[in-house]
Amino acid sequence: MKLNIVVKKTLNPGQKANVSAIIAGQFGRDVPALYTDAIIDSTGTQHAGISVNIVILDGNSGQLLRLIEEALKSNVVCIAFSTTGQMLSNNYTEYHQKISSSKTENTEIIGVGIYGDDEAVKLLTKKFSLTK
């Protein structure tokens with residue numbers, strides 16, 4: 001299994017990290033197989049128990065929308081994040097209302113996560129480059 005996250009390439013590095021973390025967090029909630037129990041080292045420090053590599057890639061707005069369209073036709077899990085989510089991150093009620101009443105193309109997608117079989121994820125994301 002594989003998880004690739006494609007972020008809008010015009011975001012600054014901090015925004016890319018934030019968007020990636022939000023998408024990965026949602027996958028962690030929705031796909032428990034992504035994580036195992038935490039691993040404790042010999043000094044007692046807890047380490048993340050991730051069982052799948054996460055690759056962060058760059059794409060433009062049009063590519064992100066096409067990726068969602070293609071993913072919805074494939075046997076993968078697709079999670080998106082938008083500028084609406086960025087702007088309303090401290091107001092879940094308003095965020096939920098705006099997203100649930102909007103079409104995907106009207107939400108200004110800035111990140112898309114794709115999780116599934118290695119080959120299916122590679123096929124959907126092979127046109128994207130590693131983020132910078």
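This is a predicted model: local features need pLDDT of at least 70, side-chain atom pairs count only at pLDDT 80 or more; totals for chains, interfaces and linings use all residues.
The protein has 132 residues, and buried residues make up 36% of them. Its secondary structure comes to five helices and seven strands. From one end of the sequence to the other, these elements follow the order β-α-β-β-β-α-β-α-α-β-α-β. The radius of gyration is 15 Å, close to the 14 Å that the globule rule gives for 132 residues, so the protein is as compact as a globular protein of that length. Along the principal axes, the C-alpha atoms fill a box of roughly 50 × 35 × 25 Å. Contacts can also be sorted by how far apart the partners are in the sequence. Among the contacts with a separation of 6 or more, 75% are between residues 24 or more positions apart.

The next topic is the space left between the atoms. Rolling a probe the size of a water molecule over the atoms shows where such empty space is left. In the largest pocket there is about 260 Å³ of space. Its lining consists of I22, Q26, I79, A80, F81, Y92, Y95, H96, I99 and S100. Three elements each supply at least two residues of this lining: helix α1, residues 13-30; strand β5, residues 77-82; and helix α4, residues 92-100. Which of them gives the most? That is α4, with five residues. Sorted by class, the lining of the largest pocket has seven nonpolar residues, three polar ones and no charged ones.

The second largest pocket holds about 190 Å³ of space. The elements that give two or more residues to the lining of this second pocket are α2, residues 61-72, together with β5 and α4. Here the largest share comes from β5, which gives five residues. The lining has 14 residues in total, and those nearest the centre of the pocket are A80, F81, I99, T104 and I109. Of these, A80, F81 and I99 are also on the list of residues that line the largest pocket. By class, the lining of the second largest pocket has nine nonpolar, four polar and one charged residues.

The aromatic rings come last. A pair of aromatic rings is described by the distance of the centres and the angle of the planes. The structure holds two aromatic pairs. One of them is formed by F27 and Y115, with 6.3 Å from centre to centre and 50° between the planes, and this pair is tilted. F27 lies in helix α1 and Y115 in strand β6, residues 109-116, so the pair ties together parts that are 88 residues apart in sequence. Are these two residues buried or exposed? F27 is buried, with a relative accessible area of 0%. Y115 also counts as buried, at 6% relative accessibility.

The other pair is Y92 and Y95, whose ring centres are 6.4 Å apart and whose planes stand at 65°, so this pair is edge-to-face. Both residues lie in helix α4, three residues apart, which is about one turn of the helix. Y92 has a relative accessible area of 57% and therefore counts as exposed, the cut-off being over 50%.

How values were computed: Residues are numbered from 1 along each chain as its sequence is written. Side-chain values use heavy atoms; hydrogens and water are left out. On a 1 Å grid over the protein atoms alone, a cavity is a set of points where a 1.4 Å probe fits but cannot get out, and a pocket is an open set with protein on both sides within 12 Å along at least five of seven lines; lining residues have an atom within 4 Å of a point. Grid points are joined across faces, edges and corners, and a volume is the space filled by probe spheres set on the points. Helices (H or I, at least four residues) and strands (E, at least two) are DSSP runs, numbered from the N terminus. Ala, Val, Leu, Ile, Met, Phe, Trp, Tyr, Cys and Pro count as nonpolar, Asp, Glu, Lys and Arg as charged, and the others, Gly among them, as polar. Rings of Phe, Tyr and Trp (its six-membered ring) pair if their centres lie within 6.5 Å; planes under 30 degrees apart count as stacked, over 60 as edge-to-face and the rest as tilted. Buried means under 20% relative accessible area, exposed over 50%, partly exposed in between (1.4 Å probe, protein chains only). The radius of gyration is taken over C-alpha atoms; the globule rule is 2.2 Å times the number of residues to the power 0.38. Contact means heavy atoms within 4.5 Å.
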